[in-house]
Amino acid sequence: MSATPAEAEAAAAEHGGGHGLLWVLLAAAVVFALVRPRAPLDYLKLVDWHTVGALAGLLAITQGVERSGMLQSVAARLLARTTELRHLVFFLVATAAGLSALVTNDVSLFLLVPLTRVLAAQAHLPLARLVVLEALAVNAGSALTPIGNPQNLYLWHRSGESFLGFMGMMAPTVAVMLFWLFAAVRFLVPRVEIQLKPAGDAEPVQPRLLALSALLFIAFVIALDQRWLAAGLGLVFGAFLLLRPRVLLGIDWALLAIIALMFVDLRQLAELPAVAALLQQWPIGEGWRAYLAAIGVSQLISNVPATILLDHYVHDLPALAAGVSVGGFGCVLGSLANLIALRLAKVPHGLREFHRISIPFLLVCAASALLLRLG
């Protein structure tokens with residue numbers, strides 16, 4: 001039986017350069033091993049296994065939801081009620097931004113990107129562009145609350161601010177990012193009617209699989225909150241292995257390898273004596289210099305490691321928080337959410353489309369937020 005167009009597109013994304021970043025990170029790890037060798041166990045200690053394990057569990061649960069057929073049903077209803085492309089994109093982007101402030105940026109992507117991919121299978125939609133806009137949306141929306149992303153959680157505890165106090169500190173920067181986000185939607189998404197694709201055989205909804213995935217999601221989130229990662233992973237993978245083993249075949253193991261290698265490479269980069277000496281010499285303790293340093297370092301080592309690294313050198317916490325939030329845009333390494341979005345989307349040339357939109361978006365947001373701070 002021949003593959004469907006959606007399956008062919010996913011295969012092209014997976015095999016036609018989809019692992020390019022994986023090979024780059026692996027090559028960098030080899031270079032570090034040759035230049036600065038360390039004991040094998042030390043490499044394992046560089047990886048944040050809590051993050052990798054959380055992603056593994058969420059990937060498995062996401063596969064369960066996808067295979068349940070519920071996303072196809074939701075997508076069909078959404079397309080039946082929304083006829084204009086720009087309206088649909090505004091809805092998806094606003095939902096992504098709002099959810100990310102409440103349930104973190106990564107979880108928002110695990111909920112919305114698979115739905116967006118199913119929408120693109122049922123209608124002619126610019127999937128890569130939609131997913132890039134959703135990645136920008138979760139980076140912007142998650143910056144508002146202390147629980148929206150890992151760097152905010154870290155800075156919130158360091159600041160001593162109340163929950164609402166922290167939101168008040170971040171609100172001006174988030175307002176700038178959201179303004180340019182919706183401006184980008186108006187600029188990049190034409191106001192045209194959505195063209196549906198020929199209807200194929202509808203996959204039957206599997207309520208039991210959907211219920212199993214929902215229960216596992218709730219249990220896994222509780223386990224993560226209580227720091228019971230091993231137990232949570234055992235429950236998720238054990239349940240699927242016993243009841244629905246085919247679900248585990250769809251997990252993107254390459255994404256997990258990419259994330260693990262990012263920790264190995266970027267933490268070694270941050271540990272270089274030359275990096276520490278440079279940061280000590282630069283006057284980045286306060287003000288616009290701290291803000292720009294946070295953006296620049298985020299482009300190189302991602303915004304969460306940048307937050308932890310710069311916390312030793314930057315004394316202006318609002319500037320640091322604003323900088324690492326804006327620094328999630330630009331390079332794909334700026335935020336872990338960017339990588340998750342592109343891997344979940346499974347579109348060819350996703351990196352090219354991401355940087356074509358995200359780099360100009362970074363420049364505009366960075367300049368606008370800086371002017372706001374200086375004003």
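1. The mean positions of the 24 positive and 21 negative charges of the protein chain lie 3 Å apart. Lys and Arg count as positive and Asp and Glu as negative, with His and the chain ends not counted; each charge is placed at NZ of Lys, CZ of Arg, CG of Asp or CD of Glu.

2. The model is predicted: local features need pLDDT of at least 70 and side-chain atom pairs pLDDT 80 or more, while totals for chains, interfaces and linings use all residues. Residues are numbered from 1 along each chain as its sequence is written, and side-chain values use heavy atoms, without hydrogens and water.

3. The protein chain has 19 helices and zero strands (DSSP runs of H or I, at least four residues, and of E, at least two, numbered from the N terminus). Its radius of gyration is 21 Å, close to the 21 Å from the globule rule for 375 residues, so the chain is as compact as a globular protein of that length (C-alpha atoms; 2.2 Å times the number of residues to the power 0.38).

4. Of the 375 residues, 49% are buried (under 20% relative accessible area, 1.4 Å probe, protein chains only). Among contacts (heavy atoms within 4.5 Å) with a separation of 6 or more, 81% join residues 24 or more positions apart.

5. T82 sits in the loop between α5 (70-81) and α6 (85-103). T82 counts as buried because its relative accessibility is 16%. Leaving aside residues up to four places away in sequence, T82 touches H87, L88 and I194.

Terms used: Buried < 20%, exposed > 50% of the residue type's maximum accessible area, 1.4 Å probe, protein only.
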